[in-house]
Amino acid sequence: MNHRTTLLLLLLVVAAAAVVVESHNITHILAQFPEFSTFNHYLTITHLAAEINRRETITVCAVDNAAMTDLLGKHLSIYAIKNVLSLHVLLDYFGAKKLHQITDGTALAATMYQATGSAPGTAGFVNITDVKGGKVGMGAEDSGKLDSVYVKSLKEIPYNISVIQISKVLSSPDAEAPTPGPAETNLTSIMSGHGCKVFADTLAASDAEKIYESNLDGGLTVFCPSDDAFKNFLPRYHNLTAAAKLSLLLFHGIPIYESLPMLKSNNGLMNTLATDGKAKFDFTVQNDGDTVTLKTKAVTSTIMGTIIDEQPLAVYTMDKVLLPRELGFKAEVEAPAPAPAKAKAKAKKTKGKKKAEAPAALAEESPADSPDGDVAADEAADVKNGANGGGMGRMVIGFGLGMGLWFGL
């Protein structure tokens, strides 16, 4: 194998490594089309957007703002609207070409509504049929009619996601039927009975409880420190100001529903109930296999178990209290490693010298009086680390230079 062939193979490997496959984001896709803003909005508030983003090989049948006006005019509950919109997410890939080449001219497609298990009979299926004039008709199977037609393709990522426009909302008697909302939830009672009583009692004694409860209907995830963890933290908690106590309690909740699989797939920064403008109060979600951790600038806490996971509420137990740097908490300091055996023996033989005092193992440090310097240093480090994101650019540049060298040989 000559040097040109070898170099070419190396360049092909580099080019292959430079390919980045990005997962789809339905919210971002529809944001490019203002005429679908209402449909996009309701995908978000019903939490269907997150479910769509996790799935592959799907088709989203979007309707424009005018068509959504007809649906909203029926004054359905948010839960019934979610059922209707779930009917617009097909669990198969239908691009423009496939829609016009359906085998035998008709097909039944399962939908996300069917996947919920709430759809009776065939109510969770959509009938897709080629009709005269080159049109493609669609209708909910339980309605017995094709009340909508394919208009155009908005976005196609072959065999991953297809986003198409249809003319009208798919009408379904079952999906539109009145749907009871979740039973009234006593959040603190749920936590108290599952190893988080100390945190729950502290929450119930503060104004934070009302803020948590106000987010229940729209979606809420709570990261509850275990009784041992919060009991050990109580002395420090009592030394905080009233405003700091409120912020710390709110820091343990996020205003959206996140199941454990969602947390595993949505690694990265996440805002909390305490987030307020410049006061970031955020943490980073990370996972290593099945282990999910929440990392602040001061502590890393691990999810130990699930107390409840029933949309729109998820509550998880944590092994440590989440400490926001915004309240002055510093990074954890690990206890120093024990001295080597030889060093200990030497210390015993040494005479006439004062024994050095062993530094005590430090647990969580008390809040600093002025943490701004630490925060600034961390943010500067973040910026520096962010610069490393240019690795792909350097790879592409290296690829270009390599090609130039090869052609010059």
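Author: Two strands count as paired if DSSP finds at least two bridges between them. Strands (E, at least two residues) and helices (H or I, at least four) are DSSP runs, numbered from the N terminus. The structure is a predicted model, in which local features need pLDDT of at least 70 and side-chain atom pairs count only at pLDDT 80 or more, while totals for chains, interfaces and linings use all residues. Residues are numbered from 1 along each chain as its sequence is written, and side-chain values use heavy atoms, with hydrogens and water left out.

Reader: What makes S12 and strand S13 a pair?

Author: DSSP needs at least two bridges, and S12 and S13 (residues 300-310) have 3, in the antiparallel sense. Thr 293 stands opposite Thr 302 in S13. The two strands form a hairpin with 4 residues between them.

Reader: How do you know that S11 is joined to S12?

Author: Strand S11 (residues 282-288) and strand S12 (residues 291-295) run antiparallel and are joined by 5 bridges, where at least two are required. Asn 287 has Val 292 as its bridge partner in S12, and Thr 284 stands opposite Lys 295. Their hairpin has 2 residues between the strands, and there Gly 289 takes a positive phi near 70°.

Reader: Why are S9 and S10 said to stand at the edges of the sheet?

Author: The open sheet has 7 strands in the order S9-S8-S14-S13-S12-S11-S10, with mixed pairing. Strand S9 (253-254) and strand S10 (268-271) each have a single partner strand, so one side of each lacks a neighbour in the sheet.

Reader: What makes a group of residues a nonpolar core?

Author: The members are buried Ala, Val, Leu, Ile, Met, Phe, Trp, Tyr and Cys residues joined through side-chain atoms within 4.5 Å. Buried means under 20% relative accessible area, exposed over 50%, and partly exposed in between (1.4 Å probe, protein chains only). The largest such core has 51 residues, and Phe 283 and Val 315 are among those that touch the most other members. Strand S14 (residues 313-318) gives the largest share of this core, 5 residues. A second, separate core of 46 residues includes Ile 29 and Leu 99.

Reader: How do you know that the buried residues of H13 line one face?

Author: The buried residues of H13 are Ala 229, Phe 230, Phe 233, Arg 236 and Tyr 237. Seen down the axis, they fall within an arc of 100°, so they line one face of the helix. The arc is that of the directions from the helix axis to the C-beta atoms. On the other side, Asp 228, Asn 232, Pro 235 and His 238 are exposed.
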